Amino acid sequence: MNEQLKDQVLRKIEEGKISMKPKAYFVFKVILLGTITVITFIITAVLVSYIIFSLKTGGHLFLLGFGARGIYKFLLLFPWVLFIIDAILLLFLDWLLKQFKFGYHSPIIYLFLVSLALITVFGSLIDVTSFHRGLLREAEASKLPFAGGLYDGLRKSHRKIGIFMGEVTSVSTSTFFMDYDDYDTPWPDGNIEVIAPTGFHVILVPKDEVFVAGDMINGEIHAYGIRKIVGND
Amino acid sequence: MNSEPQLTDETVAKLVQEGDIDKFGILMERYGAKLFRYGKKFLSNEDNIEDVVQDVFIKTFENIKSFDTKQRFSPWIYRIAHNTYINALKKNSIGPMYLFDFDTLLAHTVTDESISKEAEEKEMKEIVEKGLSKIEPKYREILVLYYIEDLSYKEIAEVLHIPVGTVGVRIMRAKELLKEKYKELGIDINKHE
């Protein structure tokens, strides 16, 4: 051992040039790290639950059953930005977990898969609660002071992108009429005829809530997919 | 300072934590030579090794209250040294270091280190001593910790913050790389094996 180096360090300590950080500093650091980890986990899980909720509420999941065109539309409408933000948050969460002993002793792939599974489970649990439904109602009543844009419009028709949601008013053999409003004007869009795709079998009755994917041509919707909405309060 | 050999590192660290600052000299005496050796092998191109080691001791003192005296002191101080040496390497390197370690991605079976180490220790120590500067720091470091500093897999995992299974895999890769380098340089490796 170089005595000179030892003396230099001890002299610095004696002169007060270097000092021990208090125990509270390290306790605070651990608490801060733990808090950031928990908050990141919650935000990531809430985002997952929002993505699931928005896909269900907006009827986008129905698109997956409407053939290649429906799948293409689903991919176009998928909330990719939120998904990417969530993926980044998940990676950040894994990095945070790596700061803990159990984290750095675990292979990265295990840590990633376990955190992904936990987030998906918690996200699904949040989706089961009335959390998002409550926020949706608040947003639709313009009472949500923040994040209203995420909810307002989820249950609305979007003529430009070819998805429509409304209430069946009358039914005939291969067509039916429905009331819908895409909120593009202050007044409702009114009653519109929907031409069902060939081989459409779902039995509809007046007052049914429906999700329709199709094109608006000459004031009629030429649908390539129709689903009855159940339990979308 | 070394008149108290009965005190373990952990006890000495506890005394320092409680304010017996002079006892820090004991820790410096016990680890000075080891950290010099570790630093010299790991930072093969580093000229001011003394400054870096001094930095390690300063950080050790500053952070000693974060040391859990129920744990072993040796991996803890080596961890500080590892971080300090990595920073010193970063200062002198162009590319990013340790950006992503694929060895830590999957789980690896932990091999019986005692059997494999005993059988080859002498030869490997010799090879490691001679050819370390020729392989990248990630592999250089693990060989130093295992063959020269005599740390166990578990302790190395603690120092490098990697899974224990990864330690074995990385040592194996490091040895292979070292042997390849020897071949490339035309050095007869057989006389060591």
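**Contacts between chains and domains in a predicted model**

Biologist: In this predicted model, 21 residues of chain A are in contact with 26 residues of chain B. What makes two residues count as being in contact?

Modeller: Two residues are in contact if their C-beta atoms, placed from the backbone, lie within 7 Å. On the side of chain A that touches chain B, helix H1 (3–14), helix H2 (23–57) and helix H7 (108–128) of chain A each supply at least two residues, and the largest share, 6 residues, comes from H1(A).

Biologist: How many residues of each class does the side of chain A that touches chain B have?

Modeller: That side of chain A has 14 nonpolar, 4 polar and 3 charged residues.

Biologist: Chain B is divided into domain 1 (9–92) and domain 2 (102–192). What makes up the contact between domain 1 and domain 2 of chain B?

Modeller: The contact takes 12 residues from domain 1 and 13 residues from domain 2 of chain B. On the side of domain 1 that touches domain 2, helix H2 (24–42) and helix H4 (73–92) of chain B are the elements that give two or more residues, and H4(B) gives the most, with 6 residues.

Note on methods. Residues are numbered from 1 along each chain as its sequence is written. Chains are lettered from A and ligands numbered from 1 in the order in which they are written. This is a predicted model: local features need pLDDT of at least 70, side-chain atom pairs count only at pLDDT 80 or more; totals for chains, interfaces and linings use all residues. Helices (H or I, at least four residues) and strands (E, at least two) are DSSP runs, numbered from the N terminus. Ala, Val, Leu, Ile, Met, Phe, Trp, Tyr, Cys and Pro count as nonpolar, Asp, Glu, Lys and Arg as charged, and the others, Gly among them, as polar. Domain bounds come from an automatic or database domain assignment.
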